[in-house]
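Take a look at the protein and DNA shown below. This report covers how the parts meet.

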2 protein chains.
Amino acid sequence: MKDNSCMAASSYKDFFVNFANKTKMDIIAALRKKPLCVGEIAEAINEEQSKVSHSLKKLTQCKILEVKQEGKKRVYTLNHDTVLPILQIVEKHVHQYCAKNCPLKCLGCKKK
Amino acid sequence: MKDNSCMAASSYKDFFVNFANKTKMDIIAALRKKPLCVGEIAEAINEEQSKVSHSLKKLTQCKILEVKQEGKKRVYTLNHDTVLPILQIVEKHVHQYCAKNCPLKCLGCKKK
DNA sequence: ATAACAAATGAAATCAATTTCATATGAAAG
DNA sequence: CTTTCATATGAAATTGATTTCATTTGTTAT
């Protein structure tokens with residue numbers, strides 16, 4: 001009988017790596033509102049195009065984003081089903097626990 | 001009127017960094033079953049004590065774990081409220097999407 | 001107060017992911 | 001078929017987090 005609670009730790013790591021980076025999180029935040037093409041994303045988060053492209057590639061490989069070609073533009077869409085619930089949980093966690101000794105900072109917090 | 005959908009990206013990053021590392025994910029997996037002290041964790045995941053301690057510190061700072069002193073032992077407990085639902089979502093995601101071009105590998109997958 | 005065990009810590013070394021920059025590819029329009 | 005706009009890619013450089021190792025702190029028992 002196989003143990004279902006056992007995790008493939010390295011696989012999960014590969015997923016979470018995408019959320020552990022400011023550029024990628026900024027992209028996710030931008031796409032939360034609506035699908036955007038590469039140029040629009042780069043402008044929205046104020047980062048270089050190639051930097052954004054590299055990030056988009058990994059996010060897409062892990063199915064956190066989806067791409068669709070539209071003319072010469074490539075439009076990226078957030079995988080809402082997976083990403084939104086996770087962000088909600090973390091949002092709640094950060095708000096609940098952000099405090100003196102915690103590296104987590106929520107929007108309301110004014111910390112050094 | 002403030003925009004509630006705006007995320008503090010760097011803060012989220014600080015949270016997710018803890019999940020983007022094999023050692024820390026192994027610790028989380030071990031603590032999923034029951035609380036353990038440092039020595040027990042190190043044995044369970046077969047890693048050095050100081051390596052485990054460094055990881056435990058960060059996990060605890062981010063409130064992913066909680067500590068309690070018990071005699072000379074320190075017992076670490078997983079923050080189930082936050083962590084379990086996240087892992088469930090990722091588990092589902094990985095099972096759903098693991099495939100040829102995806103770096104994510106679920107338990108059932110035999111990939112190079 | 002000392003020994004024995006458990007865990008934490010600091011700093012240097014290592015490692016892996018991100019960024020950068022120059023270049024290549026691809027799509028549409030003229 | 002050449003130009004232009006949009007994006008992707010490869011490889012070197014950089015960055016930042018993790019690991020390692022020696023040492024320290026803390027707890028309990030003698």
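## Reading the model

A polar side-chain atom of Y76(B) lies 2.5 Å from a phosphate oxygen of DNA strand C. That is a polar contact, a pair of N or O atoms within 3.5 Å; within protein, one must be able to donate a hydrogen and the other to accept it, and residues adjacent in sequence count only if both atoms are side-chain atoms.

This is a predicted model, where local features need pLDDT of at least 70 and side-chain atom pairs count only at pLDDT 80 or more, while totals for chains, interfaces and linings use all residues. Residues are numbered from 1 along each chain as its sequence is written, chains are lettered from A and ligands numbered from 1 in the order in which they are written, and side-chain values use heavy atoms, with hydrogens and water left out.

## Around DNA strand C

There are 23 residues around DNA strand C. A residue counts as near if one of its heavy atoms lies within 4 Å of the strand. K24(A), Q49(B), S53(B), H54(B) and Y76(B) come nearest. K24(A) places a polar side-chain atom 2.6 Å from a phosphate oxygen. Q49(B) reaches a base: an N or O atom in its side chain is 2.8 Å from a base nitrogen.

Helices (H or I, at least four residues) and strands (E, at least two) are DSSP runs, numbered from the N terminus. By class, the surface has four nonpolar, 11 polar and eight charged residues. Here Ala, Val, Leu, Ile, Met, Phe, Trp, Tyr, Cys and Pro count as nonpolar, Asp, Glu, Lys and Arg as charged, and the others, Gly among them, as polar.

## Around DNA strand D

Of the 24 residues around DNA strand D, the nearest are Q49(A), S53(A), H54(A), Y76(A) and K24(B). A polar side-chain atom of S53(A) lies 2.6 Å from a phosphate oxygen. G39(A) uses its backbone: an N or O atom there lies 2.9 Å from a phosphate oxygen. S50(B) has a polar side-chain atom 2.9 Å from a base nitrogen.

The largest share of the surface near DNA strand D, five residues, comes from α4(A). Its residues divide into four nonpolar, 11 polar and nine charged.

## Two domains in chain A

Chain A is divided into domain 1 (9-78) and domain 2 (80-112). These bounds come from an automatic or database domain assignment. Eight residues of domain 1 and seven of domain 2 make the contact, meaning heavy atoms within 4.5 Å. The two domains bury about 670 Å² between them, 72% of it on carbon and sulfur atoms. Buried area is the accessible area (1.4 Å probe) that two parts lose on being put together, summed over both. In domain 1, F19(A), R32(A) and L78(A) lose the most area to domain 2, together 66% of what that side buries.

How many salt bridges does the rule find across this interface? It finds one. A salt bridge is a side-chain nitrogen of Lys or Arg within 4 Å of a carboxyl oxygen of Asp or Glu. The side chains of E91(A) and R32(A) meet in a salt bridge, at 3.4 Å from N to O.
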